[in-house]
Amino acid sequence: MTGRRISKSRAVALTCLLAAGVLAPSAPAAADPGAGLADRLAAVRTARTINYYPSDAGWSAMWTRFDPVRVDDDLARAAELGANNVRVVVFPRVFGFPEPDPDYLAKLDKFVSIADSHGMTVKLTLFDWWSAYKNARGSATWANAVIGRYADDPRVLTVELKNELAPDDEPAVRWVRRLIPAVRETAPDMPLTVSVNSGPGGLARLKEELADTPLDYYDYHFYGPSEQALAEIEEARAAVAPDPVVIGETGLSTAASSPGEQAAYLARVFRAAATAGVESVAPWTLTDFADGAIPSNAAVSLMPAQYRYGLFRTDGTPKPAAAVVRAAWSGIDTAADVLDLSFEADPADSPWRDNLPGYGVAEPTDEIAHDGVRSVRFSGTGRDRRGLPSLRISPITPIQSGQFWRATAWARGEDATGTTEIALSWFDAEGHWIGQDVSDRLPGGTTDWTRLSVIGVAPPGAAGLQLHLKSGDNAGTVWYDDVTLD
């Protein structure tokens, strides 16, 4: 034990796990006759994968502070969401190199057993925090010692040889070229991949560099604007076609964005991936990280955003994104209410964003509503040469040229001046503004609830859409409520 005290309930749980054999090093399961390369690769393409570190022990600390009770609790939560595969990272500097420490291999065996008990296979990621690319022979020795024990074990579905390899890093590319055939000799039925976070161009470059030692599939990490996700995912898929591609990481931190924005972000990415024909999307990550959870020697420990990517908070309560992931993994389209078009959700969870907030901000209010109990209010606004202050949202459905879109909103004024209107703003795949379609304006002065409507067709090159609720040069007050966007 580590010397820390544990509660009676945790001690009982630990005893139960011991009795069940979860904490004992487990022998790899007997080979599944159907678990050849083709079958494993088919499972990879549709895997419902969750990225995972415990909330109190991120990155290498997962292994130095390994807590099987915590892992068991967390993976039960992941399985309840619908996950059937869990990605876990194994670090050479922690496990021992070039010969892994048997104690750490036993911890990995425990993890695989716990995952299996929840109906989940494992995706092993190797060589994170690694730059010793000159030592290809030692790398192969280490990798095969880790992987060889699972070569015919159906509980381990796939191996990612390197996390976020830079395709322009020549020593790294030479290293992985030597590593791939060495691992294939040991585990010929194990699908091998490498992840990339350098855009579709980086993915294409990697495939070109590995033409003589090809991977089985490609792992793409997407953290770009979700409004343009379809264009980027389609480009990534085309870059490696006909080989498969999965989205191995994606997400939005709630450190600087609201939980509602995170939920809408993931809903758009899942929908865009499905439209592009990419069936496996892996959220980063299961839970937020507590202070001190990320080792201080890791650069990410100094990045506040890294602590708040979780679908669950550190106390175990779900963010709205958890429901989005559960729906996506159940094959259910995310409901439009994730966009809070009627402003009835908790304002702290709102997915709406202010545009040009220095000239006016939309404030949630329960003082008046078209329907329900809440609306949003603009008062005393100005304008900028770039446009009017507004509140904006993007749809869940990905944008493609030629699509027909319509938006409506109810607006009400009190001594209103200036310009109050709604607009569909179109953007290309790089996020550049193309143009907009604008509704009629709300009359000035004091008005009852008035329906504003705008219709538009996505222009050539359109890849993103924002609906803006605008009110500028307004010395009075305007309320918006009950929006539609379809």
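Guide: Let us begin with Ala43, which lies in helix α2, residues 37–46. Please bear in mind throughout that this is a predicted model.

Visitor: Is Ala43 buried, exposed or partly exposed, and why?

Guide: A residue counts as buried under 20% relative accessible area and as exposed over 50%, with partly exposed in between. Ala43 has a relative accessible area of 32%, and is therefore partly exposed.

Visitor: What separates the C-alpha atoms of Ala43 and Ala345?

Guide: These two residues are 302 apart along the chain, and their C-alpha atoms are separated by 37 Å.

Visitor: How should I read the strands of a sheet?

Guide: Strands of a sheet pair through backbone hydrogen bonds, in either a parallel or an antiparallel sense. In this model, an open sheet is formed by 5 strands with parallel pairing, in the order β1-β2-β3-β4-β5.

Visitor: Which strands stand at the edges of that sheet?

Guide: They are β1 (49–51) and β5 (192–193). Each has a single partner strand, so one side of each is left without a neighbour in the sheet. Within the sheet, β2 (residues 85–90) and β3 (residues 121–126) pair in the parallel sense over 6 bridges. Val90, for instance, has Leu126 in β3 as its bridge partner.

Visitor: Which strands run antiparallel to β14?

Guide: Strand β14 (residues 404–414) is joined by 8 bridges to β17 (residues 450–457), and the two run antiparallel. Here Phe404 stands opposite Val457 in β17. A further 7 bridges join β14 to β19 (residues 477–485), again in the antiparallel sense. In that pairing, Arg412 stands opposite Trp479 in β19.

Visitor: How many helices and strands does the protein have, and how does its radius of gyration relate to the globule rule?

Guide: The protein has 12 helices and 19 strands. Its radius of gyration is 25 Å, close to the 23 Å that the globule rule gives for 486 residues, so the protein is as compact as a globular protein of that length. Its C-alpha atoms fill a box of roughly 75 × 55 × 40 Å along the principal axes.

Definitions and conventions
Residues numbered from 1 in each chain as written. Predicted model: local features only at pLDDT ≥ 70, side-chain atom pairs only at ≥ 80, totals over all residues. Heavy atoms only, no water. Helix = DSSP H or I, 4+ residues; strand = E, 2+ residues; numbered from the N terminus. Rg over C-alpha atoms; globule rule 2.2 N^0.38 Å. Pairing = 2+ DSSP bridges. Buried < 20%, exposed > 50% of the residue type's maximum accessible area, 1.4 Å probe, protein only.
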